[in-house]
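Hi,

Here is the structure I promised to pass on to you. Have a look at it first, and then read my notes below.

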Amino acid sequence: MNQAIKIVEALVDAQMRELFASCGSPLTPVLAEPTVNKEGAVAGMIGFTGDTVRGTLILLAPFQLVVASRPKQLRSHELSERNSGDWLLVRDWTAELANQLLGRVKNRLAKVGVTLRVSTPTALSGSALSVATPRSPRAKQYAFRAARGSVSLWWDATYDASFALTTESEGAAQGVREGDVVLF
Amino acid sequence: MSTILIIDDSVTVRQQVAHVLTQAGFSVAEARDGVDALERLNTLGDKVKVAICDVNMPRLGGLELLEELRKMPQFSKLAVLMLTTEGQPESVARAKELGAKGWMVKPFDPTLLLRAVSKLSGT
């Protein structure tokens with residue numbers, strides 16, 4: 001089981017970096033706990049459950065980093081921390097980032113026999129945001145640095161003793177990858 | 001030019017898709033979930049040629065919306081393109097079975113989105 005969990009944790013790390021790179025905010029992993037400006041921070045959260053694993057993904061980032069990672073079509077409209085309407089947009093995009101990250105992880109875990117069901121994402125912001133004690137003793141915290149600040153990610157997953165990954169079979173039906181379109 | 005209904009609980013995604021489509025000359029309408037989409041469709045009627053629809057949404061999700069639309073013959077010509085974070089073959093097959101015309105995984109390529117919408121709307 002431990003090897004399977006390590007594979008999942010590496011997958012989460014890789015997908016987090018791929019997601020932010022695709023959003024124009026490449027991340028560098030850091031070992032030390034990052035300093036997020038909690039006065040201007042926002043957290044996106046989404047829950048997941050499967051037959052042998054369940055938990056929550058939490059993404060914590062500063063306002064300006066989330067703004068910098070918004071879709072490029074919308075970046076010409078600048079957002080300000082002093083505008084409450086802009087905070088709504090930043091919370092919305094942070095929730096969507098959490099959703100897209102879990103979607104990437106879910107799609108890849110499905111190929112190795114782990115089916116996840118996901119909740120709808122949510123986000124919150126405020127002063128002195130901090131994450132409560134993770135539920136799982138196997139909770140994994142990741143820290144990254146980007147040009148516009150630091151990001152924290154918690155993969156707070158509880159695994160049953162029977163948690164395992166299958167081998168990805170070459171003959172299995174392939175899903176649709178990020179960015180691809182299939183017309184029927 | 002056709003009207004495209006964008007159904008997503010993220011306002012940012014709706015704005016992004018709307019930006020791409022309006023730049024290309026489409027008119028757009030927006031809905032924040034499946035329930036909202038049904039209300040919009042009932043109001044707009046057959047002006048809407050294509051719906052771009054998320055899967056994981058509150059109140060009524062994308063696959064459940066497809067099930068509802070199947071029961072409504074007035075929307076039998078509506079082409080639904082799913083736009084979601086999910087990409088598993090089982091979900092894609094389920095959407096196809098329920099009458100969706102396509103599946104796209106976020107983050108989307110604007111060129112591919114426009115090509116798909118143009119084809120589905122016949123423009």
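**What I found**

Helix H3 (residues 84-110) of chain A has 27 residues and spans 39 Å from its first C-alpha to its last, close to the 39 Å expected at 1.5 Å a residue. That expected span is 1.5 Å times one less than the number of residues, and helices (H or I, at least four residues) and strands (E, at least two) are DSSP runs, numbered from the N terminus.

A word on the source: this is a predicted model, where local features need pLDDT of at least 70 and side-chain atom pairs count only at pLDDT 80 or more, while totals for chains, interfaces and linings use all residues. Residues are numbered from 1 along each chain as its sequence is written, chains are lettered from A and ligands numbered from 1 in the order in which they are written, and side-chain values use heavy atoms, with hydrogens and water left out.

Back to H3(A): 22 of its 27 residues are buried (under 20% relative accessible area, with a 1.4 Å probe and protein chains only).

In chain B, strand E1 (residues 3-7) has five of its five residues buried. E1(B) pairs in the parallel sense with strand E2 (residues 27-31) over five bridges; two strands pair if DSSP finds at least two bridges between them. B:Ile7 has B:Ala31 as its bridge partner in E2(B). E1(B) also pairs in the parallel sense with strand E3 (residues 48-53), over five bridges, and there B:Ile4 is partnered by B:Val50.

Enjoy exploring!

Key
Buried < 20%, exposed > 50% of the residue type's maximum accessible area, 1.4 Å probe, protein only.
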